[in-house]
Amino acid sequence: MRKRFSANKGKRSVGRWPDAPVQNATMADIVIPVMGPTGAGKSTFINILFGESLMDVGHGLTSCTTQLKYGVIDLATVPGYRHLGLQGRLVVVDTPGFDDTYDGDVDILRRIADWLEKSYRDSMVLAGVIYLHDVSQTRFSGTARRNLEMFRHICGDRALQKVILGTTKWGRVDMGECRSHEEELTNAHWKGMIEKGSQVRRFDRTQQSAQEFVRTILANHAAIHLLQITEEMALERKIIPETKAGKELRYTLRQVLEMQQKMVGLEAAMEADGDPDAEAKIEELRQRINTLTREIQELKVPWARRLARIFSFG
């Protein structure tokens with residue numbers, strides 16, 4: 001369902017998948033997806049960028065973005081972008097993280113990949129990608145690492161020159177600590193992406209700051225390469241399990257599954273020692289293991305398809 005805001009009727013709108021993927025899509029539409037872990041501030045960034053509460057915003061560890069949602073604005077109506085001479089619409093897409101509270105990583109990857117592929121087939125222009133990270137986090141967790149690895153496999157190296165790596169939630173902890181975290185990100189976790197052309201920006205919760213992210217991308221939007229996963233699906237006709245992102249996700253899920261299976265043994269030992277909560281913890285872990293096993297199965301390439309590829313390239 002698509003909603004329009006009366007304050008800017010005909011200029012700004014918000015929609016959510018499964019629109020196709022954006023209503024009335026044209027070749028002049030310019031797309032910028034916003035990605036990153038749950039809680040990084042993606043929805044807040046888009047709301048401040050548009051100056052309206054287009055997206056639901058979470059205030060804890062629970063994800064509010066379970067479906068892809070987007071905001072649309074006519075570039076010719078916004079003074080901050082008018083000088084760029086772009087006449088189409090700007091479509092900013094809010095995506096769920098790969099640590100979503102309710103949905104599995106396979107579902108998240110499929111939604112993002114399907115949206116990107118359909119927008120490509122509708123001839124919409126992918127101008128660049130924004131990736132956000134909460135700079136107040138005390139450590140670069142396994143979840144943050146998994147999100148970043150999936151992001152890189154979705155983009156591919158050639159598209160990294162059109163990526164803005166944004167830090168959010170400055171001021172939540174001591175500024176010196178935030179700067180230290182930013183330095184660790186740029187010198188370690190993001191180093192390879194920066195070397196391939198990605199730029200780093202700070203988001204300070206002002207509209208001017210958010211618009212600077214977009215202006216940086218739009219100033220050279222014609223230079224974008226297809227994201228790797230779109231090239232694989234739209235041009236090479238691969239299915240999700242055959243893409244590099246799908247293969248990486250299957251590998252990561254196997255690692256998580258192995259860790260969770262080991263934890264069942266530890267919880268069982270705790271139960272034997274009289275831990276009153278051990279039984280509930282074990283059951284929760286077993287349910288998670290069942291989910292991970294199902295997701296790994298979903299990422300297997302069907303045998304018939306593998307056989308067809310052998311003969312087609314043989």
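Okay, let's start with a strand pairing: β3 and strand β7, residues 129–134, pair in the parallel sense over 2 bridges. At that spot, V34 stands opposite I130 in β7. Keep in mind that this is a predicted model.

So who else does β3 pair with? Strand β5, residues 89–94, runs parallel to β3, and 5 bridges join the two. Here V34 turns up again, standing opposite D94 in β5. Then there's strand β6, residues 125–126, which pairs with β3 in the parallel sense over 2 bridges, with V31 opposite L126.

Now, how many of the 6 residues of β3 are buried? It's 6 of the 6, across residues 30–35, so the strand is largely enclosed by the rest of the structure. Both faces are covered: I30, I32 and V34 are buried on one side, and V31, P33 and M35 on the other.

Zooming out, the protein chain has 11 helices and 9 strands, and buried residues make up 50% of its 314 residues. If you take contacts between residues at least 6 apart in sequence, 74% join residues at least 24 apart.

Last one, I229: leaving aside neighbours within four places in sequence, its contacts include L109, A113 and L116, plus H153 and I154. I240, T243 and A245 are in contact with I229 too.

Conventions:
Residues are numbered from 1 along each chain as its sequence is written. This is a predicted model: local features need pLDDT of at least 70, side-chain atom pairs count only at pLDDT 80 or more; totals for chains, interfaces and linings use all residues. Side-chain values use heavy atoms; hydrogens and water are left out. Helices (H or I, at least four residues) and strands (E, at least two) are DSSP runs, numbered from the N terminus. Buried means under 20% relative accessible area, exposed over 50%, partly exposed in between (1.4 Å probe, protein chains only). Contact means heavy atoms within 4.5 Å. Two strands pair if DSSP finds at least two bridges between them.
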